[in-house]
Amino acid sequence: MANAPGRFLPGDPRTAEPYRLTPQLALRVAILAFLALGVFALLFLRLWALQVLSGDRYLAQANDNRVRTIRVEAPRGPVLDRYGRLVVTNVPGTRVELWPADLPKSWPVERKELRALAVVTGVSVQEMLAQLRRHGQDPLTPIVVQNGLHQDQIDYLRERAPDFPGVQLQESYLRKYPYRSLAAQVLGYVGQISPSEYTSLKTKGYVPTDSIGQAGIESTYDTYLRGKNGKAQLTVDSRGRPKGRATLVTQFTPGEALRLTIDIKLQRAAEQALRYGIHLARVSGIEGQHANGGSIVALDPRDGAVLAMASYPTYQPSIYVGRKDATKLAPVLDPKTAELANHPGINRAIDAAYPPGSTFKPVTALAAMQEGLMHPYETIPCIPVYTAYRQAFNNWTPLINMGMDLQRALAQSCDTYFYELGRRFYVLPSDRGHPLQGWANRFGLGEKTGIDAGPEAAGLIPTPEWRRAAYPASQGYGVIDRTWKPGYSIQLAIGQGQVLVTPLQMARLYAVIANGGKLVTPHLAADVELTGNDGKAARILRRFGAQPSQPTGVDPTALRYVQQGLEEATHASFGTSSGVFGNFPVDIAGKTGSAEKNVTLPGYPQAPKLTQSWWCGYGPFDAPTIVVCAVIENGGHGGTAAAPAALKVFEQYFRKSATPTAHASD
Amino acid sequence: MTIEAVNTRARGLRAHRESESAGLAGVLRRLDWLLLLALGGVVGYGLWAIDGITRHDPGGSAVTRQGLYVFAGALLFVAALVVDPDRFRAFWRPIYFGTLGLMMFVLVAGAATRGSRRWIDVGFFTFQPSEFGKVLFVLALAGLLAERSRSIGDPRAPLAALGYGLPPIVLVFVQPDIGTALVYMAALAAVLFIAGVRWSHLGVLGAITVAGALAVLWLLPVAGVNVLKPYQTDRLVGFTHPGNDPRGATYNLRQSITAVGAGGLRGRGVLGATQTRLNYLPEHATDFAFASLAEERGFFGAAILLLLYLLVVWRALKIVAGARDLYCAVVAGGIAFMFLFQVFVNSAMTMGVAPITGIPLPFVSVGGSSMITNFLAIGILQSIHLRRGMRRRG
């Protein structure tokens with residue numbers, strides 16, 4: 001039968017005999033059906049497990065995804081001088097951060113973005129990648145690419161934000177130094193926390209993007225200065241682009257203000273005096289022509305407060321702030337450049353050790369009196385050459401031949417007088433120990449002063465035991481090398497030989513002499529406080545102040561003779577620095593020192609023996625309020641370079657304290 | 001033995017009776033209404049879901065565009081009803097070679113997107129031949145096997161099917177589109193299975209497939225030959241150990257699982273679904289649509305869709321059982337299994353129990369080719385159902 005026209009489905013007579021479902025096909029369809037059921041059962045189970053059984057966990061994950069906790073940086077606390085002048089403060093700045101999780105997922109795109117960012121910021125791609133690698137384990141913590149962006153850089157990145165996924169601009173604060181290079185080494189600087197610092201500090205709440213004080217008081221008092229960062233939450237999309245504004249979760253706590261004991265005007269005077277002293281040394285002739293560095297410390301002998309601490313050469317701490325400039329940083333970071341620039345990064349007041357020369361003589365004098373080896377009125381010959389043990393020891397000047405008592409010997413800095421004392425120490429029976437070194441230690445030499453800014457050198461007071469340990473037989477040193485010879489004691493008596501001291505240690509020693517025998521602990525920080533607007537503390541949060549001074553056990557009478565000797569040294573016609581201090585209206589007492597040291601100089605194959613110019617002293621003589629210790633490296637005789645430099649500090653200091661009204665106005 | 005195994009519902013008799021009352025009313029009465037209902041449900045639900053999923057995308061909601069595809073698909077659906085499957089059987093060779101030609105054309109002239117050539121730009125719409133190819137592939141292979149139905153026990157029958165089946169699979173594979181290639185392989189397996197290829201032959205083929213997969217994923221890379229690109233291997237095996245590497249290959253997977261899990265029982269709603277809205281979940285309108293749906297509508301919402309799919313699969317299998325001849329049964333079986341395979345692989349991958357492949361979720365993922373193809377597939381199923389019990393002529 002033909003298909004009826006217009007019928008949609010053709011009639012077919014043979015449809016009467018249908019296709020039959022074979023059992024084999026039925027089985028296979030059934031298998032498919034069971035497979036389908038199994039598949040759907042699996043899907044349902046998995047869906048249930050994810051959504052119902054562990055839904056809360058994934059919900060939390062999804063929320064973590066979208067909410068980014070960002071830091072609201074707390075302004076770092078300012079640093080004030082003792083009169084409340086702002087020495088270090090902050091300016092607001094902007095920094096670029098990279099959020100590793102939001103960077104493009106494909107490397108070519110990421111590289112393209114980093115290259116573009118490198119062009120804008122001047123930070124190389126390698127540097128960024130190195131930083132990313134270091135913080136690779138945590139994709140939700142940003143790295144800081146660059147701090148202190150220029151306005152045009154900020155504008156560029158803001159306008160092209162869609163091209164820079166994972167790049168965020170953050171408000172931050174930058175350190176500002178209104179007094180420029182003043183007290184650079186004392187203040188230290190602030191830098192990005194290093195991975196090793198982070199590892200040791202993370203339990204104290206530091207995070208990898210933190211800045212941290214890297215040296216000086218910025219480092220010591222970091223916990224007070226840093227404040228507490230706030231937290232804000234930002235909703236971001238998958239490319240890290242913020243959606244809407246950040247909401248503040250916790251407000252930051254600004255860092256506390258740190259008040260120093262330093263008087264910034266005295267500091268400036270000290271730094272100027274240091275340059276003046278170097279200048280004097282250079283123009284004085286052959287002896288001081290290589291003068292190229294030095295240090296001045298001014299200390300309050302009553303409590304150890306550091307009034308000024310200068311070190312030369314110096315640098316601008318601002319080179320550490322914001323955009324880093326490798327050429328500017330090289331003198332403090334690169335060892336070779338630092339060598340050429342004579343290490344401006346080192347705080348010579350505490351971290352450089354020199355032979356003290358004659359400034360050490362008060363120690364010898366006091367020790368000899370204490371040990372009964374000398375009487376202050378005993379006359380000991382002061383002659384051009386002192387001979388002992390078949391060795392000749394020269395006096396600094398051959399133009400003398402007379403007997404001297406202690407005061408005169410100190411005032412005129414007679415070497416042979418002290419050579420004799422050194423010999424007397426040497427011949428002491430061994431059961432008396434090493435009293436000269438012992439007294440030096442009691443006066444704080446040969447050990448760190450414990451000042452609150454590092455790093456600090458300990459210096460060296462050589463003893464027979466030290467000699468044996470420092471020249472071990474295992475390294476091929478013979479018996480002769482390892483033996484303490486009489487010349488060592490004789491040299492030590494005038495502060496020569498292997499003895500090494502830091503300027504601060506010497507200032508501390510002269511503070512002992514000035515304050516009647518108490519060993520003070522030098523310190524830089526007075527307190528942390530909330531500062532009022534008049535330069536005075538509104539509320540002192542924590543006072544550091546002075547550690548209690550330790551008695552040295554020195555006999556006040558013995559001390560008196562030394563004080564007299566130091567006063568004669570600056571006022572008697574024969575005093576070594578009378579020409580400098582004799583006319584100064586305030587009674588100053590002090591001692592010159594001219595210490596010989598082998599100094600490596602560029603262009604000299606053999607290290608020549610150069611004279612380190614020292615002067616240490618205090619004033620006013622009757623009631624000392626300031627100790628000044630100055631050293632001019634390779635500056636020649638103490639009277640030519642160091643003493644005039646120290647005088648400049650006294651001039652600044654006493655002009656101030658003599659007329660208190662004037663000081664209030666400046 | 002076969003005669004006794006008549007379906008108890010004696011569809012032959014009933015079919016005969018119903019065929020007499022053909023015409024539009026007859027067609028409507030003979031349609032599988034449950035399947036139609038399931039189709040309507042899936043499509044409507046899919047449109048609603050995709051509206052929520054894409055509402056916060058840069059281009060706005062894709063529901064209008066998707067609606068157009070649905071309309072085009074519905075037209076194709078009706079067209080498929082009209083055509084007797086016998087036509088496909090008769091012209092299986094042109095269908096096969098046409099498909100093959102189109103696939104070669106797309107490789108040469110296709111538009112590359114994200115490193116893959118799968119699309120042909122036809123102006124108003126980019127057209128993905130490999131999607132249409134799925135159904136055509138089933139039609140062609142079923143034709144081949146139906147031709148050899150008498151010697152189906154002969155190993156040459158499955159070998160011939162393999163010979164015809166592999167070229168399109170390879171062409172899709174090199175686009176590269178591993179997901180679709182897997183769908184083709186599933187379809188090939190299904191037609192062989194339904195056509196009645198011996199168990200032993202199926203077993204050998206299965207073993208060869210497993211060995212091949214192992215070789216591609218493991219042996220050859222060890223020997224220094226990389227058939228797959230590294231990212232493909234990562235995706236295929238990455239789901240077995242989602243690492244803690246947010247920028248690596250498992251990023252999508254972890255975000256997807258998070259999205260599904262965060263949906264909870266009731267879902268986070270369109271506004272609250274941050275994984276989707278803030279674009280943490282990539283490709284949420286296409287490959288990861290199921291995860292987005294699960295995030296926005298929760299367990300209930302996802303379960304409704306799965307149940308609708310189950311309904312489709314169930315009806316499809318019914319149609320296989322009731323097909324009027326082997327060809328129709330093989331076509332219906334291929335389509336049913338392909339559908340099941342796509343639903344499973346897509347939704348399972350978003351939940352971390354299947355490899356990550358670019359297989360769209362039928363009737364939900366935004367995309368014209370997929371939508372229209374799926375309409376065509378269901379249309380053919382309906383067409384087969386319509387002609388159940390009617391022995392083919394000649």
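Analyst: Helices here are DSSP runs of H or I with at least four residues, strands are runs of E with at least two, and both are numbered from the N terminus. In this predicted model, chain B has 17 helices and three strands, and buried residues make up 54% of its 394 residues. Chain A, with 666 residues, of which 47% count as buried, has 25 helices and 23 strands.

The part to look at closely is the pairing of helix 1 of chain A, residues 23-53, with helix 15 of chain B, residues 289-322, whose axes come within 10 Å and cross at roughly 180 degrees. Because angles over 145 degrees count as roughly antiparallel, helix 1 of chain A is roughly antiparallel to helix 15 of chain B. On the side of chain A, the residues of helix 1 that take part include A:A26, A:L32, A:F40, A:F44, A:W48 and A:V52, while helix 15 of chain B contributes, among them, B:A294, B:F299, B:L306, B:V313 and B:A321. Sorted by class, this contact holds 21 nonpolar residues, two polar ones and no charged ones.

Turning to the nonpolar cores, the largest has 139 residues, and A:I296, A:A298, A:Y510, A:V627, A:A646 and A:V649 touch the most other members. Apart from that core lies another, of 131 residues, including A:L47, B:F88, B:A140 and B:F337. A:L47 is also one of the residues through which helix 1 of chain A meets helix 15 of chain B.

Note on methods
Residues are numbered from 1 along each chain as its sequence is written. Chains are lettered from A and ligands numbered from 1 in the order in which they are written. This is a predicted model: local features need pLDDT of at least 70, side-chain atom pairs count only at pLDDT 80 or more; totals for chains, interfaces and linings use all residues. A residue is buried if 20 or more other C-beta atoms lie within 10 Å of its own, exposed if 12 or fewer, and partly exposed in between; C-beta atoms are placed from the backbone. A nonpolar core is a set of buried Ala, Val, Leu, Ile, Met, Phe, Trp, Tyr and Cys residues joined through C-beta atoms within 7 Å. Axes are lines fitted to C-alpha atoms, for helices over the stretch in contact, and angles run from 0 to 180 degrees between N-to-C directions. Angles under 35 degrees count as roughly parallel, over 145 as roughly antiparallel, 65 to 115 as roughly perpendicular and the rest as oblique. Two residues are in contact if their C-beta atoms, placed from the backbone, lie within 7 Å. Ala, Val, Leu, Ile, Met, Phe, Trp, Tyr, Cys and Pro count as nonpolar, Asp, Glu, Lys and Arg as charged, and the others, Gly among them, as polar.
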